[in-house]
Amino acid sequence: MSETQQLEPEVTELERVTIRFAGDSGDGMQLTGSQFTRTAAAFGNDVSTFPDFPAEIRAPAGSLPGVSGFQLSFSSSDIHTPGDQPDVLVAMNPAALKTNIVDLPPGGAVIVNSDAFTPQNLGKAAYESNPLTDGSLKSYKVFEVPMTTLNTASAEGLGLTSKQIDLSKNFFTLGLVFWLYERSLEPTLLWIEEKFGARPVVAEANARALRAGYAFGETTEMFHTHYRVRPARLAPGTYRNITGNEAAALGFLAAAQRAGLELFYASYPITPASDILHQLSGYKRFGVKTYQAEDEIAAMGAAIGASYGGALGLTGTSGPGLALKSEALGLAVMTELPVVVVDVQRGGPSTGLPTKTEQADLLQAMFGRNGESPIPVLAPATPGECFDYAIEASRIALKYMTPVLYLTDGYLGNGAEPWRIPDVADLAGIGKETATDPATFRPYSRDPETLARPWALPGTPGLEHRIGGLEKADVSGVVSYDPDNHHRMTLLRDRKVAGIADDIPDLEVYGAAEGDLLIVGWGSTYGAIRSAVERLQAAGRSVAHAHFRHINPFPRNTDAVLRSYRTVVAPELNLGQLSWLLRARYLLDVRGFNLVRGKPFKISDIEEEAERLLLEA
Amino acid sequence: MATNTETTDAPLSPENAAVIQLTRKDFVSDQDPRWCPGCGDYSILAQTQKAMPDFGYPRENIVFISGIGCSGRLPYYMNTYGFHSIHGRATTLATGLKAARPDLMVWVITGDGDALSIGGNHLIHSMRRNVDVTVVMFNNRIYGLTKGQVSPTSEFGKRTKSTPFGSIDHPIAPLTVALAAEASFVARSVDTHTEHLQATLAAAGHHKGSTFVEVLQNCNIFNDGAYREFTERDVREDRMLVLEDGQPMVFGKERDKGIRLNGLHPEVVQLGGGITEDDLLVHDQHAEDPYLALMLSRMWWPEFPVPVGVLRAVERPTHDQLMTDQIVEARAREGEGDLATALGSGDTWTVE
């Protein structure tokens, strides 16, 4: 803004800033965070975000369980995580302060809505005295801003009730933070116009609140400095911000388009996977068919039915839903049909922590079915990779005629990062020829290379045949109880999936090809591990990082990679599921580093564990 | 590449039956049925095969999907496409298949345990959605494949292997469930009444929308004589009511009894003595409201004759049609989707 340049306030240049917005779940913190993210990303910063919200839609206002948070990190360099600790905490009420202050390092800034620190709200947050006056915050830079009062003043004359006005207070907060970090109001003003255009008074209240917050930063002497984070040097290209769930939805759309197939997505609402259903439901113009089934089992069954009919059958869920789909997944294994199952993992067991992240479904994905029931398992590492691996999962499902499990988690699904938009022409061509020749068709004959059986679609004359959950005779596909046949078919299903190892890339190592310590990971821990390894390498440590995207089967060079380091550790947000698999498969003492707090790893968690292991060695 | 559903030939119609010229034999597969000798399932299979040629679909455009239970075997014996799925879930596969492939004629073969116990949830939802699938439920009031446990349609007090002291569970009324779940076609027939069964299956197959046919079926091993007291040749005319659309509800060997409405309740009346057919209820299977059909679905021997035939047949848009319509409308409104546009939607910025 030109005014700010005229005033020439003190500017401090920073490489990276991490902000956490925290407030009541009704305070609009997710919106505030995502608006800041858009603006920072559009400015050219590298951005990483992590929303953290309660399972309750509206826990009692002002209560501790009702606190909703959104952390984002933006930087002038390449970053992999939304930051271990916030530099700035914005707390809209005492409960938000209480639940988040523990994460703020000494010296960090706290911006509070001082109007919310009433005796009643302090009581709801179980504060015995007011933290703004009792000295308990003296190690932080505290900025008390009477946001409610100032925001109410800005909405004067609009004829809104005080309750309606209060709904725009998060825009005041956002405006203030925009001033602090030299961000333009324009993208948000445009967004307000688009979003609230039909309700001009509300749009006006929000726009005024945004401007009032900005002006407050500019004109009061409370904030002496504002901060500058220059654009990052990202690879050339056109970028957008993307969450893992958005990327997954786009990836499956792209996969279906590349394969020339209709996409059929069946799903039952479940946190944190529902956004994929929401997004794909909007793609009618692509011929995408979405189906909100009556339950998880029905969604799995419908996906199998669609794939039997020649569509790209897809279903998405989270851990509890995957458990319900198990039996039908076994049917897809037996009938060897191409379906992809997305599991956006969350804290478990049972209902667990629906809105928190965890990686504890890996062994369920691998083994959670009756009988010998191998399924390829893939796990993208970043929100952007969710796109690429949606195509890869579909490619494998079609080429090998098999169900595929695609594992992400709440952190990847809801977390966002800038994503370089790929050129459609560069996307892999995938697909599967369908059977048409009655003279050669046998339901369970196999492609000698892939061991895939033919895909014979209803409607093809002369290929009428029957499939199902009962064991089938090799080649002919008629029901068979023959002991030797069952043994042979069990081995064939197993070899088919194991053979995919010849068709996937080798495990890549970041760092020296041998050394003291290898940190192996999978899924959303990528950012924290990579950042920790960068720091450790910069400090001269002999540490490398390898990240699995293909977990079943593992890449061919896995054994060789693991054996090239004195110590191998697998940090996971579970009690050691990848390490269990690696130990079982390669007879190696892979160490675990396991935290299940419903939160992603901090970079420092992994850095400290690595240092400990290096000393121990 | 798989066939895109929009480029396949338009669904075939009964007019094609004459062109395609198939017979029952064309629908007999090379697999020998493996039901117990004397099982009612043989008759249902035979009538199903007989009904098929009239629909005008070539064999390759017909799919039979089943769940688990004795009924689940039927697809193996039909020379069409077939999918023997898992317990209770046949309707879920059928829904997905029909959504992806509106051009196919899809049948679901199920039993009382498969459809109403483990698969109850899926059944009611496929009906309310009006999924264009014909569900044929073999109701033998017992679990036969698992050798004789109570089913959701077993009588209260029934002694079975799992209820040696008598069942304490009240039975469910399948047709009432179907009507409550908004099935657009609801009918009942009997395994041994072969002509009636074939005609009922033919009417069911011609209906577009969610079609539910209950077939009263005898399990001569675990529940022999389940319906004997009203289905036997010598008593059935007096103890069953054969529904005919637009006709008064008359029954009896002598056609001398009828159903009359008394207040909110049906009653059996003797014709003559001042009571004529004009006093009787007239069947209307196309009635917009479901009251008559619901009433019929509750009638059971010995209080009433057991109604068979089509209770309800109404038209409403099918699930696959509505799904397709939304796609057509979206394309008309927004144009064909462009992947590059979708990938680049939202706020974008360019790094040089």
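**View 1. Helix α12 (residues 296-308) of chain A crosses helix α3 (residues 90-100) of chain B.** The two axes come within 6 Å and cross at roughly 45°. Axes are lines fitted to C-alpha atoms, for helices over the stretch in contact, and angles run from 0 to 180 degrees between N-to-C directions. That angle makes α12(A) oblique to α3(B). Angles under 35 degrees count as roughly parallel, over 145 as roughly antiparallel, 65 to 115 as roughly perpendicular and the rest as oblique. This is a predicted model: local features need pLDDT of at least 70, side-chain atom pairs count only at pLDDT 80 or more, and totals for chains, interfaces and linings use all residues. Residues are numbered from 1 along each chain as its sequence is written, while chains are lettered from A and ligands numbered from 1 in the order in which they are written. Helices (H or I, at least four residues) and strands (E, at least two) are DSSP runs, numbered from the N terminus.

**View 2. Residues of α12(A) meet residues of α3(B).** Among those from α12(A) are Ile297(A), Gly301(A) and Tyr308(A). α3(B) contributes residues including Thr92(B), Leu93(B) and Ala100(B). Two residues are in contact if their C-beta atoms, placed from the backbone, lie within 7 Å. By class, this contact has twelve nonpolar, five polar and no charged residues. Ala, Val, Leu, Ile, Met, Phe, Trp, Tyr, Cys and Pro count as nonpolar, Asp, Glu, Lys and Arg as charged, and the others, Gly among them, as polar.

**View 3. Chain A touches chain B.** The contact takes 66 residues from chain A and 58 from chain B. On the chain A side, α12(A) gives the most, with nine residues. That side divides into 36 nonpolar, 19 polar and eleven charged residues.

**View 4. Strand β9 of chain A pairs with strand β12 (residues 348-351) of chain B.** Four bridges join these antiparallel strands. Two strands pair if DSSP finds at least two bridges between them. Thr238(A) stands opposite Thr350(B).

**View 5. Nine strands form an open sheet.** The order is β17(A)-β2(B)-β1(B)-β3(B)-β4(B)-β6(B)-β5(B)-β11(B)-β7(B), and the pairing is mixed. β17 of chain A and β7 (240-242) of chain B stand at the edges, each with a single partner strand, so one side of each is left without a neighbour in the sheet. The twist averages 20° from one strand to the next.

**View 6. Strands β5 (residues 185-190) and β6 (residues 211-216) of chain B pair in the parallel sense.** Six bridges link β5(B) and β6(B). Phe185(B) stands opposite Thr211(B) in β6(B).
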